[in-house]
Amino acid sequence: METTKHLQNLATAGNADAQFRLGYRLAFGRTRPRPTDWSVAVALWREAATAGHMRAQFQLGVCFEHGYGVPVDMAAAIQWWEMAAENGHTGAQFNLAFSYRKGDGAPIDYQRMHHWLLTAARQGDSEAQRDLGFCYHEGLGVDVNYASAVKWYRSAAHQNDAKAQWNLGLSYLDGEGVRVSQRWGRYWLERAANQGHRGAKAKLRRMALAAK
């Protein structure tokens, strides 16, 4: 592990990765800065982000989202997330999709939401896969397509996303995008219930009562 002094020397010399890691160490290491010291981490991340460092761009967006070392500014957060997303950061892609869905810092835009969810989902992000499935199920930014909804629910469910398991279980019970199957519906509901999903637990109880 590199010493903080060594990272400081590299950061001063303009090394973007060192700037990012030093800022991260200040913000999240064992000796965390007081809230008034967030500006130090932000300054380091801004230098790294301006040089194109993807993770610094993402963290800088988070700072603007929550007001860490800078005033809350969702428009600025989105600008930095856009840069990180274009560089392939799945967290930034997911955050952008959420912002475009809720109209937080940008106008509601389901087409852009879908674009970034699809981009993140293709990189394996389970939350994006789950929410992309919901988009196809509800027709948000795309035409309703239950088969595509099931495809993405399944991808997220296999990564143990409880909400996706719940949605996949319901798809089997309702025959949306797949053949009706009590067996597979129960299987995925049980997977979700085992992770604490309340809806899945309640549904399984109702199914058990109905079977008596």
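**Cores.** I began with the largest nonpolar core, which has 53 residues, and found that Trp-45, Trp-81 and Leu-117 touch the most other members. I took a nonpolar core as a set of buried Ala, Val, Leu, Ile, Met, Phe, Trp, Tyr and Cys residues joined through side-chain atoms within 4.5 Å, and buried as under 20% relative accessible area, with exposed over 50% and partly exposed in between (1.4 Å probe, protein chains only). Helix α5 (residues 74–86) gives the most to this core, with 8 residues; helices here are DSSP runs (H or I, at least four residues), numbered from the N terminus. I noted that another core, of 8 residues, lies apart from it, and that Ala-193, Ala-200, Leu-204 and Met-207 are among its members. As background, nonpolar side chains tend to be buried together in soluble globular proteins.

**Source of the values.** This is a predicted model, in which local features need pLDDT of at least 70 and side-chain atom pairs count only at pLDDT 80 or more, while totals for chains, interfaces and linings use all residues. Residues are numbered from 1 along each chain as its sequence is written, and side-chain values use heavy atoms, with hydrogens and water left out.

**Trp-45 and Phe-58.** I listed what Trp-45 touches, not counting residues up to four places away in sequence, and the list includes Phe-20, Tyr-24, Phe-28, Trp-38, Leu-60 and Cys-63; contact means heavy atoms within 4.5 Å. I then turned to Phe-58, which lies in helix α4 and is buried, with a relative accessible area of 15%. Leaving aside its neighbours within four places in sequence, Phe-58 is in contact with Trp-81, Ala-84, His-89, Gly-91, Ala-92 and Asn-95. I also looked up how Phe-58 stands to Glu-190: the two are 132 residues apart in sequence and 36 Å apart in space, C-alpha to C-alpha.

**Helix α2.** The end C-alpha atoms of α2 are 18 Å apart, which agrees with the 18 Å that its 13 residues should span at 1.5 Å a residue, the expected span being 1.5 Å times one less than the number of residues. I found Ala-16, Ala-18, Gln-19, Phe-20, Leu-22, Gly-23 and Ala-27 to be the buried residues of α2, and what covers them includes α1, α3 (38–50) and α4.

**Helix α6.** The buried residues of α6 are Gly-91, Ala-92, Gln-93, Phe-94, Asn-95, Leu-96, Ala-97, Ser-99 and Tyr-100, and their cover includes α4 (54–66), α5, α7 and α8. After α6 comes Gly-103, whose phi is positive, near 70°.

**Salt bridges.** How many salt bridges does a search of the whole structure find? I noted 5, a salt bridge being a side-chain nitrogen of Lys or Arg within 4 Å of a carboxyl oxygen of Asp or Glu. Glu-2 forms one with Arg-21, the closest N and O atoms being 2.5 Å apart. This pair links distant parts of the chain, with Glu-2 in the segment before α1 (4–12) and Arg-21 in helix α2 (residues 16–28), 19 residues apart. I then looked at Arg-130, which forms a salt bridge with Asp-131 at 3.0 Å between the closest N and O atoms, and another with Asp-161 at 2.9 Å, N to O. Both Asp-161 and Arg-130 are buried.

Which side chain of opposite charge is nearest to Asp-125? Asp-125 is buried and has no salt bridge, and the nearest such side chain, Arg-130, is 7.5 Å away; Lys and Arg count as positive and Asp and Glu as negative, while His and the chain ends are not counted. I placed Asp-125 in the loop between α7 (110–122) and α8 (126–138), where a polar atom of its side chain lies 3.3 Å from the backbone nitrogen of Glu-127. Glu-82, in helix α5, is also buried without a salt bridge, with Arg-112, the nearest side chain of opposite charge, 4.6 Å away.

Terms used. Helix = DSSP H or I, 4+ residues; strand = E, 2+ residues; numbered from the N terminus. Polar contact = N/O pair within 3.5 Å; in protein donor to acceptor, adjacent residues only side chain to side chain.
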